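Work through the exercises below with the sequence and the model open side by side. Each task is followed by a solution in steps.

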Amino acid sequence: MTTKYRLLVKDASQVVVVCDRGENDGLVKAVGPADSIAAQYPEEMFEKVIDATGMCVVPGLVDAHTHPVWAGDRVHEFAMKLAGATYMDVHRAGGGIHFTVEHTRAAPFADLLATLRARLGRMLRAGSTLVECKSGYGLELDTEVKMLEVIEAARRSLPLGISSTYCGAHAVPRGKTVAEATDDILRVQLPVLKERLSSGELRVDNIDVFCERGVFDLDATRAILQAGKDMGLHINFHGDELHPMNSAQLGAELGALAISHLEEVTDEGIAAMATAKTAAVLLPQPRARDMLDAGVIVALGSDFNPNAYCCSMPLVMHLACVNMKLSMPEALAAATINAAYALGRSDTHGSLEAGKQGDLLLLNCRRWEHLIYQLGGHHELIRYVVVKGQVVHD
Ligand code: NIG
Ligand code: FE
């Protein structure tokens, strides 16, 4: 008999059935108590059966913010920062993003792809099944396009899901003014991107700007985000990170899907985001409690980048609970369904429901909270990583 379905996960109380073949390939077919479901799905109908007795099932994790394409690490800056230098001190001294831009411009496509694949592999092993990936270490047409092509090549060759973001406004290139950089994005970079998107060679989901004092001001940010939105991209940008910029209000006004960081967001900004249903992507920072209490959709991201080398969403959830006072269910929701919302993917990702993509983790523990409680060493805890009903790690 040929198998009809891809994967059955079962224990005494829960059954998850993932459909195989046809249009519903890799989607969850049914989730629920064994006694009401198991009889309809005999084991012979499945390619693979996992006995999950003693394990927990959670949705695949969604990492809503990463900068994973770059060459040249910045381990030397970590020491500078520990000695007291601020992020902007390092940036102004020609380090920070500028250091990474120099190395990324010089790096061959194949090297960038190899390191991206390795980094995404680590994220997947730590439970992330959908990851947002930004460009932004080119700051000129050729390298920005090279980075987006690297992300596209990874998307086509790796099992995990990728949401890609054009972040050409990640910094003002050396020797240029904000006006010149904005002009280059609006008149040179975005038109080429538009062409590449319409030809189907490239897929880009979101547009991002680093809206910050000394980087892109509010007017420049508005112009770039609006141009991206006009091309059909979701607005998902860095705002109110180091100074209160009214980025949250701007995002709400433009209908942004999400804003990241928000360490310096004001009360008015929080209220505007709650009303506009703009998600807050937090990279563990302090005002989470105020946001949750005001009804903001709170998501989490690792912010993996050369300044914050973190591939692990379980670690991010742990930090969010300890530093930002999220409860464990709030942290799990922020790292699954709310992160999917921030990427415009909550219809298909972020929870285990019939009709959604079969992305899930099987944990070697009796309480799912171990995923957050255990600090590091998640490889043994995460027994299986499943994407589209297929085991990609065991
Ligand atoms: O999200 N704030 C700007 N962008 C990154 C940092 C990128 C870098 O320093 O290379 C962030 O933290
Ligand atoms: Fe970032």
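This is a predicted model: local features need pLDDT of at least 70, side-chain atom pairs count only at pLDDT 80 or more; totals for chains, interfaces and linings use all residues.

**Exercise 1. Compare the radius of gyration of the chain with that of a compact globule.**

Step 1. The chain has 394 residues, and for that length a compact globule would have a radius of gyration near 21 Å.
Step 2. The chain itself has 21 Å, which agrees with the globule value.
Step 3. For the extents, take the principal axes: the C-alpha trace spans about 65 × 45 × 40 Å.
Step 4. As for burial, 51% of the 394 residues count as buried.

**Exercise 2. Describe the secondary structure and the sequence range of the contacts in the chain.**

Step 1. The chain comes to 16 helices and 16 strands.
Step 2. Take the contacts between residues at least 6 apart in sequence; 65% of them join residues at least 24 apart.

**Exercise 3. State how the chain is divided into domains, and which elements of domain 1 touch domain 2.**

Step 1. Domain 1 consists of two segments, 5–58 and 351–393, while domain 2 covers 61–342.
Step 2. The centres of the two domains, taken over C-alpha atoms, are 31 Å apart.
Step 3. At the contact between them, 17 residues of domain 1 meet 19 residues of domain 2.
Step 4. On the domain 1 side, two or more residues each come from helix H15 (370–373), helix H16 (378–381), strand S15 (382–387) and strand S16 (390–393).
Step 5. By class, this side of domain 1 has nine nonpolar, six polar and two charged residues.

**Exercise 4. Find the members of the largest nonpolar core that touch the most other members, and follow Ala 320.**

Step 1. The core has 122 residues, and those touching the most other members are Ala 280, Ala 299, Leu 300, Ala 320 and Ala 335.
Step 2. Helix H12 (residues 313–324) gives the largest share of this core, seven residues.
Step 3. Both domains take part: the core draws at least three residues from each of domain 1 and domain 2.
Step 4. Setting aside neighbours within four places in sequence, Ala 320 is in contact with Leu 282, Pro 284, Ala 288, Leu 300, Leu 326, Ala 331 and Ala 334.

**Exercise 5. List the residues around ligand 1 and sort the shell by class.**

Step 1. The residues around ligand 1 are His 67, Gly 96, Ile 97, Thr 100, Phe 210, His 238, Glu 241, Asp 303, Asn 305, Pro 306, Asn 307 and Ala 308.
Step 2. Sorting this shell gives four nonpolar, six polar and two charged residues.

Note on methods. Residues are numbered from 1 along each chain as its sequence is written. Chains are lettered from A and ligands numbered from 1 in the order in which they are written. Domain bounds come from an automatic or database domain assignment. Two residues are in contact if their C-beta atoms, placed from the backbone, lie within 7 Å. Helices (H or I, at least four residues) and strands (E, at least two) are DSSP runs, numbered from the N terminus. Ala, Val, Leu, Ile, Met, Phe, Trp, Tyr, Cys and Pro count as nonpolar, Asp, Glu, Lys and Arg as charged, and the others, Gly among them, as polar. A residue is near a molecule or strand if its C-beta atom, placed from the backbone, lies within 6 Å of it. The radius of gyration is taken over C-alpha atoms; the globule rule is 2.2 Å times the number of residues to the power 0.38. A residue is buried if 20 or more other C-beta atoms lie within 10 Å of its own, exposed if 12 or fewer, and partly exposed in between; C-beta atoms are placed from the backbone. A nonpolar core is a set of buried Ala, Val, Leu, Ile, Met, Phe, Trp, Tyr and Cys residues joined through C-beta atoms within 7 Å.
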